[in-house]
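Subject: Structure for your review

Dear colleague,

Please find below the structure that I am handing over to you. My notes on what was found in it follow directly after.

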Amino acid sequence: MATRVSYPFELKMKAIEMRLEGVPVREVMEQLGIRNKTQLKVWMKWCREGDVHRLEQPVGKQYSYGKGPEYSSELEKLQAENRFLKQQLDLLKKFVEMQRR
C-alpha cells in the first residue's frame with residue numbers, strides 16, 4: 001500500500017507560483033520533490049476556485065462542502081482570512097504581470 005506524503009503549505013504555494021510563471025509541470029515536480037502530477041493539478045484547481053484554505057488541510061482530511069477549517073478563536077479565523085486575502089493579491093499581481101509580458 002502506498003504511503004501518503006504531506007507537503008508543507010509553503011511548498012504548495014511555491015509550486016503554484018512556479019506554474020503561474022509558466023514553469024513546466026515536470027520541472028516543478030523535480031525541483032520541489034513532488035511525486036504526483038495530479039497533486040499539482042489539484043492544488044492549481046483549488047487556487048483557481050479560491051479554495052486556498054484547502055492547501056493547509058492535513059493529508060486525507062477533507063472539509064465538508066462549503067465549510068473551511070474550524071478555528072478555536074476569532075483571532076485565528078481572522079489571521080487565516082488575512083493570510084488567504086494576501087495570497088489572493090499576490091497571485092493576482094503575478095497573473096497581471098504575466099499578462100503584460
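What percentage of the 101 residues in the protein chain do buried residues make up? The share is 25%, where buried means under 20% relative accessible area, exposed means over 50% and partly exposed lies in between (1.4 Å probe, protein chains only).

Please note that this is a predicted model, in which local features need pLDDT of at least 70 and side-chain atom pairs count only at pLDDT 80 or more, while totals for chains, interfaces and linings use all residues. Residues are numbered from 1 along each chain as its sequence is written, and side-chain values use heavy atoms, with hydrogens and water left out.

Overall architecture

The protein chain has 4 helices and 0 strands; helices (H or I, at least four residues) and strands (E, at least two) are DSSP runs, numbered from the N terminus. Read from the N terminus, the order of elements is α-α-α-α. The chain exposes about 7,600 Å², of which carbon and sulfur atoms supply 51%; accessible areas come from the Shrake-Rupley method with a 1.4 Å probe, and for residues only the protein chains shown count as cover. Of the contacts (heavy atoms within 4.5 Å) between residues at least 6 apart in sequence, 56% join residues at least 24 apart.

Helix 1 and its partners

How is helix 1 placed against helix 4? The axes of helix 1 (residues 9–20) and helix 4 (residues 74–100) come within 10 Å and cross at roughly 20°. Axes here are lines fitted to C-alpha atoms, for helices over the stretch in contact, and angles run from 0 to 180 degrees between N-to-C directions. This crossing angle makes helix 1 roughly parallel to helix 4; angles under 35 degrees count as roughly parallel, over 145 as roughly antiparallel, 65 to 115 as roughly perpendicular and the rest as oblique. The crossing of helix 1 and helix 4 is right-handed, a term used if the near helix is turned clockwise from the far one by less than a right angle, with anticlockwise giving left-handed. Helix 1 contributes Phe9, Met13, Ile16, Glu17 and Leu20 to this contact, and helix 4 contributes Gln87, Leu91, Lys94 and Met98. By class, the contact of helix 1 with helix 4 holds 6 nonpolar, 1 polar and 2 charged residues. Ala, Val, Leu, Ile, Met, Phe, Trp, Tyr, Cys and Pro count as nonpolar, Asp, Glu, Lys and Arg as charged, and the others, Gly among them, as polar.

Helix 2 (residues 25–32) packs against helix 1 at an angle of about 150°, with the axes 10 Å apart. Helix 1 and helix 2 are therefore roughly antiparallel to each other, and their crossing is right-handed. Leu11, Lys14, Ala15, Met18 and Arg19 of helix 1 make this contact with Val25, Val28, Gln31 and Leu32 of helix 2. The residues of the contact of helix 1 with helix 2 divide into 6 nonpolar, 1 polar and 2 charged.

With helix 3, the axis of helix 1 comes within 10 Å and crosses at roughly 85°, so helix 1 and helix 3 are roughly perpendicular to each other. On the helix 1 side, Leu11, Lys12, Ala15, Ile16, Arg19 and Leu20 meet Leu40, Trp43, Met44 and Cys47 in helix 3. That contact of helix 1 with helix 3 has 8 nonpolar, no polar and 2 charged residues.

Individual residues

Is Gln87 buried or exposed? Gln87, which lies in helix 4, is buried, with a relative accessible area of 10%. Leaving aside neighbours within four places in sequence, Gln87 is in contact with Phe9, Met13 and Val52.

Gly50 sits in the loop between helix 3 (37–48) and helix 4. Apart from neighbours within four places in sequence, Gly50 is in contact with Phe84 and Gln88.

Thr38, found in helix 3, is partly exposed, with a relative accessible area of 45%.

With kind regards
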